[in-house]
Amino acid sequence: MAGLGFHNFFAKDKTFRPKKKFEPGTLRYNLHKHADETLSAGIDLRETVKLPKDEELNDWISVHVVDFFNRINLLYGVVSDYCTDESCPIMSGGPKYEYLWCDNDQYKKPTHLSAPKYIALLMEWIEKQINDENIFPIQIGVPFPKNFQSICKKLLSRLFRVFVHVYIHHFDRITQIGAEAHVNTCYKHFIYFLTEFNLLRKDEIEPLIQMTFRMCPDLIEKLSKKQ
């Protein structure tokens, strides 16, 4: 595992859930390829996330939401055998942070759940939305909904909670298989993107803020001023 490059590690087929893919020949497939190629080329991550010239912001966000969904699925798949109802009876990020599940459907009120149950519901909830063409249109010329960015903020903030749980409760497993560099790169890509487009509130980053400062010292000033 330690010998794999970042791109190869996250191109593996063992995912927690089936991967969402873009259809070849579509605009978003081309944007996905552009993002994937620049990321695997090893260029500065802060530059990688910037909106390409002449591209629409919602298209760029759409591509990254799907990409992060796929990558975080794989990341969690690596530790899922060690994240059980017995080992992780609550969805937490250390003793200070617990995440309650609410989807306004099956769970209409915030509910205490084990981490694996929470994450399974989270991935189902996100997958349902990214497969909904009224939210994530795939045809050229079909507009995004007016609240698209607010929807994506919610999806991404909940995906961030998977990072919180994995880093705080399962990083020993990540280290054991030699995948820490890959996971750290995935996290940095995620946090640079969300910071670039103001898609995550400072209070949501708080469980990993010190780690984020160590990994991305160039974000200290921006995140310190963030409301």
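The crossing of α4 and α5 is left-handed, a label used when the near helix is turned anticlockwise from the far one by less than a right angle, with right-handed kept for clockwise. Helix α4 covers residues 57-79 and helix α5 covers residues 115-130. Their axes come within 11 Å and cross at roughly 155°; these axes are lines fitted to C-alpha atoms, for helices over the stretch in contact, and the angles run from 0 to 180 degrees between N-to-C directions. The two helices are therefore roughly antiparallel to each other, since angles over 145 degrees count that way, while those under 35 count as roughly parallel, 65 to 115 as roughly perpendicular and the rest as oblique.

Which residues of α4 and α5 make the contact? On the α4 side they are V65, V66, F69, I72, N73 and Y76, and on the α5 side P116, I119, M123, I126, E127 and I130. Contact here means heavy atoms within 4.5 Å. By class, these residues divide into 10 nonpolar, 1 polar and 1 charged. In this scheme Ala, Val, Leu, Ile, Met, Phe, Trp, Tyr, Cys and Pro are nonpolar, Asp, Glu, Lys and Arg are charged, and the others, Gly among them, are polar.

Before going on, a word about the model. It is a predicted one, where local features need pLDDT of at least 70, side-chain atom pairs count only at pLDDT 80 or more, and totals for chains, interfaces and linings use all residues. Residues are numbered from 1 along each chain as its sequence is written, and side-chain values use heavy atoms, with hydrogens and water left out.

Stepping back to the whole chain, you will find 11 helices and 0 strands. Both kinds of element are DSSP runs numbered from the N terminus, with helices being H or I over at least four residues and strands being E over at least two. Of the 227 residues, 50% count as buried, where buried means under 20% relative accessible area, exposed over 50% and partly exposed in between (1.4 Å probe, protein chains only). The accessible surface of the chain comes to about 11,400 Å², and carbon and sulfur atoms account for 50% of it; the areas come from the Shrake-Rupley method with a 1.4 Å probe, and for residues only the protein chains shown count as cover. Among contacts between residues at least 6 apart in sequence, 73% join residues at least 24 apart.

Now back to α4, which also packs against helix α8 (residues 180-196) at an angle of about 155°, with the axes 11 Å apart. These two helices are therefore roughly antiparallel, and their crossing is left-handed. From α4, the residues W60, I61, H64, D67, F68, R71, I72 and L75 meet V183, C186, H189, F190, F193 and L194 of α8. That contact holds 10 nonpolar, 2 polar and 2 charged residues.

How do α4 and α6 lie, parallel or antiparallel? Their axes are 10 Å apart and the packing angle is about 20°, which makes α4 roughly parallel to α6. This crossing, too, is left-handed. The α4 residues L57, N58, I61, S62, V65, F68, F69, I72, L75, Y76 and V79 meet F148, Q149, C152, L155, L156, L159, V162, F163 and V166 of α6. Here the classes are 17 nonpolar, 3 polar and no charged residues.

Helix α6 spans residues 148-169 and includes I168. At 37% relative accessibility, I168 counts as partly exposed. Leaving aside neighbours within four places in sequence, I168 is in contact with G93, G94, P207 and L208. I168 and L208 are 40 residues apart along the chain, and their C-alpha atoms are separated by 8.7 Å.

The loops deserve a look as well. In the loop between α5 and α6 sits N134, which is exposed at 65% relative accessibility. N134 and F148 are 14 residues apart in sequence and 9.9 Å apart in space, C-alpha to C-alpha.

Most residues other than glycine have a negative phi. D54, in the loop between α3 (45-48) and α4, has a positive phi of about 70° although it is not a glycine. D54 is exposed, with a relative accessible area of 72%. N104, in the loop between α4 and α5, likewise is not a glycine and has a positive phi of about 60°. N104 is exposed, with a relative accessible area of 55%.
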